[in-house]
Amino acid sequence: MKLFHNFFCRDIAAMSRFYQAVLELPEDAVSHSPIYRSVVTPQFQFGFHAPAAYDLLHLSERKPQDSQALEPEITGYPTFMLDHPAAVDAAVQRALAHGGRCIKGPYATYYSEWQAVMADPEGHVFRFSTVGLPAGVSAPVLNFP
């Protein structure tokens, strides 16, 4: 199985360039169209739909009323699992250098992952994460009531 994940975007070319730079992945030339761009690996495709795709997918009634809203609603987000904590730190720096924003992190999760919660230039949320923590960092204890 291969996973495809897509964001609806105001500027698909800009979002494609951002994720190509941040994830260090190529654009998928096969799926390039006037209303779609994506980056690709053998395991996944991460794509960017233009607003016209709402109608094409019969999602017109779910299109945001304010398509120029600075912060889209969050109903899900991708997590990019990287190989080690230093890769998470480096990806955060690349995202920041290309106009992304760090919402939280990098930080140790209670489930022993090194993680950062990010936003791209259009406000879509995504995470960088890796199993394991940097040397000397411990997982916090999560206390539920």
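Student: What is the relative accessible area of C102?
Tutor: First, some ground rules: this is a predicted model in which local features need pLDDT of at least 70 and side-chain atom pairs count only at pLDDT 80 or more, while totals for chains, interfaces and linings use all residues. Residues are numbered from 1 along each chain as its sequence is written, and side-chain values use heavy atoms, with hydrogens and water left out. Buried means under 20% relative accessible area, exposed over 50%, and partly exposed in between (1.4 Å probe, protein chains only). C102 is partly exposed, with a value of 26%.

Student: How many disulfides does a search of the whole structure find?
Tutor: A disulfide is counted as a pair of cysteine sulfur atoms within 2.5 Å. The sulfur of C102 has its closest cysteine sulfur in C9, 20 Å away, which is too far for a bond. The search of the whole structure gives a count of zero.

Student: Is C9 buried or exposed?
Tutor: The relative accessible area of C9 is 3%. That value makes C9 buried.

Student: Now the rings: what kind of pair do F46 and F80 form?
Tutor: Rings of Phe, Tyr and Trp (its six-membered ring) pair if their centres lie within 6.5 Å; planes under 30 degrees apart are stacked, over 60 edge-to-face, and the rest tilted. By this rule there are 14 aromatic pairs. In F46 and F80 the ring centres are 5.3 Å apart and the planes stand at 85°, so this pair is edge-to-face.

Student: How many residues apart in sequence are the parts that this F46 and F80 pair ties together?
Tutor: Helices (H or I, at least four residues) and strands (E, at least two) are DSSP runs, numbered from the N terminus. F46 belongs to strand β3 (residues 44-49), and F80 to strand β4 (residues 79-81). F46 is buried at 1% relative accessibility, and F80 is buried at 8%. The separation along the sequence is 34 residues.

Student: Which strand holds F126, the partner of F80 in another pair?
Tutor: The rings of F80 and F126 are edge-to-face, because their centres are 6.1 Å apart and their planes at 70°. This pair ties together parts 46 residues apart in sequence: F80 is in strand β4, and F126 is in strand β7 (residues 125-131). F126 is buried, as is F80. So the strand of F126 is β7.

Student: Which residues form one aromatic cluster?
Tutor: F46, F80 and F126 are among its members.

Student: How far is the charged end of K104 from the ring centre of Y107?
Tutor: A charge sits over a ring if NZ of Lys or CZ of Arg is within 6 Å of the ring centre and within 35 degrees of the ring normal. The charged end of K104 sits over the ring of Y107, with a distance to the centre of 4.1 Å.

Student: What distance does helix α3 reach from its first C-alpha to its last?
Tutor: Helix α3 (residues 85-97) has 13 residues.

Student: What arc do the buried residues of α3 cover around the axis?
Tutor: The buried residues are P85, A87, V88, A91, V92 and A95. Taking directions from the helix axis to the C-beta atoms, they lie on the same side of α3, because their arc is only 155°.

Student: Which elements do the buried residues of α3 pack against?
Tutor: Contact means heavy atoms within 4.5 Å. On the other side of the helix, Q93 and A97 are exposed. The packing partners of the buried residues are α1 (12-23), β5 (101-108), β6 (113-119) and β7.

Student: What is the omega of the cis peptide bond between G105 and P106?
Tutor: P106 is found in strand β5. The cis bond joining G105 and P106 has an omega of about -5°.

Student: What is the relative accessibility of H58?
Tutor: H58 is found in the loop between α2 (53-56) and β4. Its phi is near 60°, a positive value in a residue other than glycine. H58 counts as exposed, with a relative accessibility of 72%.

Key. The expected span of a helix is 1.5 Å times one less than its number of residues.
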